[in-house]
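Student: Hi! Could we go through the aromatic rings in this one together? Here it is.

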Amino acid sequence: MEPDGHIVLNTDVKQKDGNRALVIAISDQAAFDLGTDHKIVSEDGGQEIENRQVLNENELLKEGRAFSFMKAVQMVNAKLLEKNPEETLLFDMILVSKSSPQSGSRVIKSVRHYGLDVSRFCFAASVDCTNYLRTNNVKLFLSSDEEEDFSALRTGFPAPLLFKQRAPAACEQLKIVFDGDTILRHIFQENKLEEIDNFESHLKSFPISEDPLIKFAVHLGEMRKKFSIYNSPLNVYLTTTHSDREMSAMALRSLRVWGLEVDEVFFLNGAPKSPVLLQIQPHVIFDDGLRHL
């Protein structure tokens, strides 16, 4: 047992190279629909859900908000391994749960039933899971719980909040949207810039190794280059509502400097993002202005 939780390896899955893989941590309540169980955890510390999970351990959990994302990630991995069976630049999914290992068997059985490529589980019933994220080189944390999401953000992990969609996003292609306005705010705030004239020089010297969002973008860009422009299982989008065209173009140049080529760009000039997002049906959106969604 590690000090940051109970770690359980999934022996059905080949373990990824921790130095090369893009590690994504996903909460069990995002992967599966826990119904009212999550509310019980919040109210009584989890004792009732412990009993319920043990009692119903043979009953499979239903698909959650992150389920289609996980399936799409597996599709990308499968295509990468088709191109090169020795490929090490892969997505590595780990599942984080507030349950104890005793009640976590239901989660593990559900993962195996659906054939999800989860390499390991962390049952952190009584500790802050962000310690586990740090020691396992996590680049992205996905949760449908705002408290978990903001806790990860405060400790420096990119943690886009998963929103329930009207229809599940497709699993044949992983779609990730970056909000250009968020990228620009991020760069200007981190560098304490006040003028556009200083942007280009600071962009090239931006400390990538110290910024988790940019590290994720760089890692994703390296993976995107493994595929051609057409029929890629991994698509990246950029949207911005900024009315200044130069500012919008700066967001695009930022991603390119970090090595991330974008498949489609939408400069909306103040128009709402919702129609575009409904058309794209993305799995993940990096947008710090939740009001846009």
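Student: Is F286 buried or exposed?

Tutor: F286 is buried in this predicted model. Its relative accessible area is 8%, which is under the 20% cut-off for buried.

Student: And what about F216, buried or exposed?

Tutor: F216 is buried too, with a relative accessible area of 1%.

Student: How are the rings of F216 and F286 placed?

Tutor: Their centres are 5.3 Å apart and the planes stand at 40°.

Student: Where in the chain do F216 and F286 sit?

Tutor: F216 is in helix α10, residues 212–224, while F286 is in strand β11, residues 284–286. They are 70 residues apart, and the pair links distant parts of the chain.

Student: New topic. How many aromatic pairs are there in the whole structure?

Tutor: A search finds five. Another one of them is F67 with Y114, an edge-to-face pair with 5.1 Å from centre to centre and 80° between the planes.

Student: Which parts does the pair of F67 and Y114 tie together?

Tutor: F67 belongs to helix α4 (residues 67–83) and Y114 to helix α5 (residues 105–114), so the pair joins parts 47 residues apart in sequence.

Student: Last one: which residues form an aromatic cluster with F67?

Tutor: F32 and Y114 do; together with F67 they make up one aromatic cluster.

How values were computed
Residues are numbered from 1 along each chain as its sequence is written. This is a predicted model: local features need pLDDT of at least 70, side-chain atom pairs count only at pLDDT 80 or more; totals for chains, interfaces and linings use all residues. Side-chain values use heavy atoms; hydrogens and water are left out. Rings of Phe, Tyr and Trp (its six-membered ring) pair if their centres lie within 6.5 Å; planes under 30 degrees apart count as stacked, over 60 as edge-to-face and the rest as tilted. Helices (H or I, at least four residues) and strands (E, at least two) are DSSP runs, numbered from the N terminus. Buried means under 20% relative accessible area, exposed over 50%, partly exposed in between (1.4 Å probe, protein chains only).
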